[in-house]
Amino acid sequence: MRLKVNCLLCCLLLYMETTAQPAGYNYDESKVAPYTLPTLLQTTTGNRITTAAQWEANRPALLNLFAEHEYGQTPTTPVALRFQIRSIDNQALGGLAIRKQMAIYFTDYPQLAPIMVLLYLPKNKIGRVPVFVGLNFFGNHSISNDPGILLSNRWVHNEAKGVVNNRATEASRGYQAHQWPVETILNRGYALATAYYGDVEPDHPTGWKQGVRSALGDTTKTNNWGALGAWAWQLSRMLDYLQTEPDLDAKRAIVLGHSRIGKAALWAGAQDTRFAGVISNESGEGGAALARRNYGETVERINTSFPHWFCGKFKTYNKNVSALPVDQHQLLALIAPRPLYVASAEGDQWSDPNGEFLSAKAAGALYKLYGKTGMDADKQPGVNQPVGQRIRYHYRTGKHSVTDYDWEQYLKFADELITRP
Ligand code: GTR
């Protein structure tokens with residue numbers, strides 16, 4: 001049984017950068033069955049919402065619905081953190097950057113591994129700089145060929161380059177560098193902070209035993225947080241640290257993530273309003289895409305392939321998604337009125353690109369309550385035509401990945417909406 005689960009995970013992991021479309025699922029828009037979304041402008045007790053104040057009063061109850069039925073409850077216990085400098089280089093990347101590596105320790109839980117944060121600050125900066133905050137899939141050393149990055153010593157997926165028995169080796173360096181245009185980000189005046197998502201929980205069904213969920217929460221409860229909840233929590237703990245960095249303007253922290261990490265980024269952005277903006281790159285099912293649309297990945301499939309990602313209760317909707325009291329447009333709305341970017345790719349039908357657009361469009365109603373325009377496009381645009389105002393969306397050509405095209409849009413979005421609100 002364990003072998004079966006591991007094999008399934010291997011196949012699914014390979015999906016991370018492909019155009020694969022698992023067979024037996026619907027990819028035909030004309031076959032999407034009619035569905036009714038939960039009403040956005042309504043309180044959880046059924047009253048109409050007409051003002052931003054009413055929305056905000058209902059916000060905790062809506063967050064609670066997502067926690068109870070989908071992602072699980074994030075423990076509210078305050079956790080004492082200790083930040084330790086592991087290395088600083090004032091001449092990193094040929095003098096372009098200051099590179100800091102910090103360990104975030106959990107004072108009261110010495111058994112937990114620290115979150116290792118890799119922070120690049122642009123050297124030629126004036127004042128405090130805004131920062132992109134995102135988790136990575138294979139360890140900090142995988143995002144750049146910079147030889148000064150400390151090699152992760154945590155469990156890593158075997159599929160990555162240079163990984164032997166789930167441990168990174170020198171050969172793993174730069175494996176994902178094409179997804180992280182560090183120099184471009186720095187040259188545009190932004191800092192970049194990243195950490196390995198496996199630091200708080202290795203991504204496999206029993207990974208929680210080595211992670212934060214072994215110390216916080218209650219694994220016997222069906223509303224206990226899942227791995228996505230732990231990764232979202234990790235993003236907030238990174239922000240706790242980033243707020244202490246004098247060269248950063250942590251009020252302009254933009255959380256971003258790709259695929260499963262995009263789901264975590266959205267959940268982090270919804271819960272933690274300190275994030276000034278949120279970017280979801282092909283987050284798909286359980287992320288930006290509407291759960292009720294039967295297109296691409298389904299609730300049942302994601303819960304079966306990744307039983308550890310969501311809370312136990314989410315599985316009770318496997319065959320009855322319409323009974324789920326929430327849908328993903330409400331998750332996006334929880335980010336309002338902050339800027340939000342939802343990105344899809346043509347070669348990633350599994351993530352249901354149109355379902356991501358429709359969700360972003362529906363969330364737009366919330367921005368109106370704040371007197372702002374969210375999404376002003378009526379239907380999903382053609383490829384490589386970004387649309388929207390405070391909610392932006394694009395459908396680019398190419399496979400499931402993060403490309404320079406995606407980053408170009410995110411930097412423009414940040415320039416326009418985060419730096420000059
Ligand atoms: C897939 C999964 C998607 C997405 C993706 C990824 O296998 O079905 O929901 O999260 O993995 O993270 O690459």
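Is asparagine 166 buried or exposed? Asparagine 166 is buried, with a relative accessible area of 18%, where buried means under 20%, exposed over 50% and partly exposed in between, for a 1.4 Å probe and protein chains only.

## Basis of the report

This is a predicted model, in which local features need pLDDT of at least 70, side-chain atom pairs count only at pLDDT 80 or more, and totals for chains, interfaces and linings use all residues. Residues are numbered from 1 along each chain as its sequence is written, and side-chain values use heavy atoms, with hydrogens and water left out.

## Backbone features in loops

Asparagine 166 lies in the loop between β4 and α4; helices (H or I, at least four residues) and strands (E, at least two) are DSSP runs numbered from the N terminus. Although asparagine 166 is not a glycine, its phi is positive, at about 60 degrees. Glutamate 282 also has a positive phi, of about 50 degrees, and is not a glycine. Its place is the loop between β7 and α7 (299–305). Glutamate 282 counts as buried because its relative accessibility is 0%.

A cis peptide bond, with omega near 0 degrees, runs from alanine 336 to proline 337. Proline 337 belongs to the loop between α8 (328–333) and β8.

## Helix α6 and its two partners

Helix α2 (residues 52–71) and helix α6 (residues 260–271) have axes that come within 11 Å and cross at roughly 150 degrees. Axes here are lines fitted to C-alpha atoms, for helices over the stretch in contact, and angles run from 0 to 180 degrees between N-to-C directions. The angle therefore makes α2 roughly antiparallel to α6; angles under 35 degrees count as roughly parallel, over 145 as roughly antiparallel, 65 to 115 as roughly perpendicular and the rest as oblique. The crossing of α2 past α6 is left-handed, a term for a near helix turned anticlockwise from the far one by less than a right angle, with right-handed for clockwise. On the α2 side, Arg59, Leu63, Phe66, Ala67 and Tyr71 meet Trp267, Ala270 and Gln271 of α6, contact meaning heavy atoms within 4.5 Å. By class, this contact has six nonpolar, one polar and one charged residues. Ala, Val, Leu, Ile, Met, Phe, Trp, Tyr, Cys and Pro count as nonpolar, Asp, Glu, Lys and Arg as charged, and the others, Gly among them, as polar.

The axes of α5 and α6 come within 8 Å and cross at roughly 60 degrees. Helices α5 and α6 are therefore oblique to each other, and their crossing is right-handed. Leu228, Gly229, Trp231, Ala232 and Leu235 in α5 meet Arg260, Lys263, Ala264, Ala265, Trp267, Ala268 and Gln271 in α6. The residues of this contact divide into eight nonpolar, two polar and two charged.

Histidine 394 sits in strand β10 (residues 391–399) and counts as buried because its relative accessibility is 0%. Its side chain makes a polar contact of 2.7 Å with that of aspartate 406. A polar contact is a pair of N or O atoms within 3.5 Å; within protein, one must be able to donate a hydrogen and the other to accept it, and residues adjacent in sequence count only if both atoms are side-chain atoms. Leaving out residues up to four places away in sequence, histidine 394 touches residues including Tyr341, Ser344, Pro386, Asp406 and Tyr410.

Asp406 is one of the buried residues of helix α10 (residues 404–419), and Trp407, Gln409, Tyr410 and Phe413 are among the others. The buried residues of α10 pack against β4 (129–136), α4 (182–187), β6 (248–258), β7 (277–281), β8 (340–347) and β10.

Arginine 252 is in strand β6 and is buried, at 18% relative accessibility. Its side chain reaches the backbone oxygen of arginine 128 at 3.1 Å. Not counting residues up to four places away in sequence, arginine 252 touches Arg128, Val129, Pro130, Val131, Ala276, Ile418 and Thr419.

Glutamine 210 is in the loop between β5 (191–196) and α5 (227–242) and is partly exposed, with a relative accessible area of 45%. Beyond residues up to four places away in sequence, glutamine 210 touches Arg154, Pro202 and His204. The C-alpha atoms of glutamine 210 and glutamate 245, 35 residues apart along the chain, are separated by 29 Å.
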